[in-house]
Amino acid sequence: MPRTRSLAWAELKIGLLTIFALAVTAMLIFAVGGDGGFFWQRYPLKARFDNVASLKAGSPVRLAGVEVGSIDSVHFQGVGVDIWFSIDERHRPLVTTDSVASIGSVSLLGEGAIDLQPASTGTPIPDWGYVPTGPAEGSIAQLTEQAARSLDEATRLFRDIRSGRGTIGRFFTDDTVYQEVARFVGAAQRVTDAVASGKGTLGRLTIDPSLYNELQASMQNLNAITGSIRRGEGSLGRLMTDPAFGQSVTATTENLSGITGKINRGEGTLGKLVTDDAVYARLNDLTGRLDTLVARLDEGQGTAGQLLRDKQLYENMNSAAAELRSLIGDIRKDPKKYLNVKVSIF
């Protein structure tokens, strides 16, 4: 009986040691083979996608390309899909609200993975929190999305062209545009033919050497003029090169500035005329009086007004002038008749 108990206890100890060894071995295998560490060293997160492609439980989770965890499960959430995954606790500071989760691939065979973009800003995401999702920069998904948008834009462009929208669409569908282009091409061809045949100014300039010679002579004259100016010849040349002439012009400008300054300050007759209101009032009053005088003359008031308006007075003065001229003529012909001088001595 005691021997039976001893065997049973020995077998129990062997079984316990075997179980403990298997557990330690499994834990070591799990720790060495998996990058996520033990379960108490991991924390859970979520990400929601419209389409998870080939993601499934056990697919890897990578942070900046380094595998740091795995997908635990996949669940439908309305029209989207929630991915539950867990990563190493050590990487919690790198997964924040500014990080982006995207769907990547492990190999060309299509095996999926979740790629996390690390961020040094933002707030760390708590357990079971959602990581913002989006396409990864430079990923195949982003390139595919951009290519799809480009194809959509090209499709809409070709659709608009076929429907005749825009200038290119009208060119392909509207005959009037084609006719206008054809007329323009024809006109351009006629102009080219005319130039080639020597018609018009441009044609003569193209084929007539005399016009070229005249143009060359004009250019030579222009070069000679500019050369004279550079050498200081003539008034313009002196203005460009002679300091004394420039100083004289500067002095004249300064004198003009001084004169305008005096006028602005009201100095002198012209300055008072420009700035003094009393002078303006006097001139205005004088103008008013002249207007009144002219109006009275026009109405025939006064002697000068009657002289301008009274025809009879004009005729009388004209007749008197004529008689005076006749009397002067008679006196010149026979002065003795009118000039009788008597001298008496007593």
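Helices (H or I, at least four residues) and strands (E, at least two) are DSSP runs, numbered from the N terminus. I start there because Ser-59 is placed by those runs, in the loop between β1 and β2.

Before going on, two remarks on the numbers. This is a predicted model, in which local features need pLDDT of at least 70 and side-chain atom pairs count only at pLDDT 80 or more, while totals for chains, interfaces and linings use all residues. Residues are numbered from 1 along each chain as its sequence is written, and side-chain values use heavy atoms, with hydrogens and water left out.

Now the chain as a whole. It contains 13 helices and seven strands. Of its 346 residues, 18% count as buried; buried means under 20% relative accessible area, exposed over 50%, and partly exposed in between, with a 1.4 Å probe and protein chains only. Contact means heavy atoms within 4.5 Å. Among contacts with a separation of 6 or more, 51% come from residues 24 or more positions apart.

Next, the sheet. In what order do the seven strands of the open sheet run? The order is β5-β6-β2-β3-β4-β1-β7, and the pairing is mixed. β5 (100–105) and β7 (129–130) stand at the edges with a single partner strand each, so one side of each has no neighbour in the sheet. Two strands pair here if DSSP finds at least two bridges between them.

Strands of a sheet pair through backbone hydrogen bonds, either parallel or antiparallel. Both senses occur around β6. With β5, the β6 pairing is antiparallel, over six bridges; Ala-101 stands opposite Leu-116, and Gly-104 opposite Ala-113. With β2, the β6 pairing is parallel, over three bridges, and there Val-61 stands opposite Ile-114.

Two of those β6 residues come back in the core. A nonpolar core is a set of buried Ala, Val, Leu, Ile, Met, Phe, Trp, Tyr and Cys residues joined through side-chain atoms within 4.5 Å. The largest one has 20 residues, and the members that touch the most others are Ile-83, Phe-85, Ile-87, Val-95, Ile-114 and Leu-116. At least two residues of this core come from each of β1 (42–49), β2 (60–63), β3 (66–77), β4 (80–88) and β6 (112–117). Take Val-95: not counting residues up to four places away in sequence, Val-95 touches Tyr-43, Leu-45, Leu-63, Ile-87, Leu-116, Pro-124, Ile-125 and Val-131.

Is Thr-96 buried or exposed? Thr-96 counts as buried, at 2% relative accessibility. Thr-97, at 44%, is partly exposed. Leaving aside neighbours within four places in sequence, Thr-96 is in contact with Ala-119, Thr-121, Gly-122, Thr-123, Pro-124, Ile-125 and Pro-132.

Ser-59 counts as buried, at 4% relative accessibility. Its side chain reaches the backbone oxygen of Lys-56 at 3.0 Å. Apart from neighbours within four places in sequence, Ser-59 is in contact with Ser-54, Ser-70, Ile-71 and Gly-112.

Now the aromatic rings. How many aromatic pairs does a search of the whole structure find? The search finds one. Rings of Phe, Tyr and Trp (its six-membered ring) pair if their centres lie within 6.5 Å, and planes under 30 degrees apart count as stacked, over 60 as edge-to-face and the rest as tilted. The ring centres of Trp-84 and Trp-128 are 5.2 Å apart with planes at 70°, so this pair is edge-to-face. Trp-84 is in strand β4 and Trp-128 in the loop between β6 and β7, so the pair ties together parts 44 residues apart in sequence. Trp-84 is partly exposed, at 27%, and so is Trp-128, at 43%.

Last, a helix. The expected span of a helix is 1.5 Å times one less than its number of residues. For the 23 residues of α10 (residues 277–299) that gives 33 Å, and the end C-alpha atoms are 33 Å apart, which agrees. Gly-300 follows α10, with a positive phi near 90°.

Methods: A polar contact is a pair of N or O atoms within 3.5 Å; within protein, one must be able to donate a hydrogen and the other to accept it, and residues adjacent in sequence count only if both atoms are side-chain atoms.
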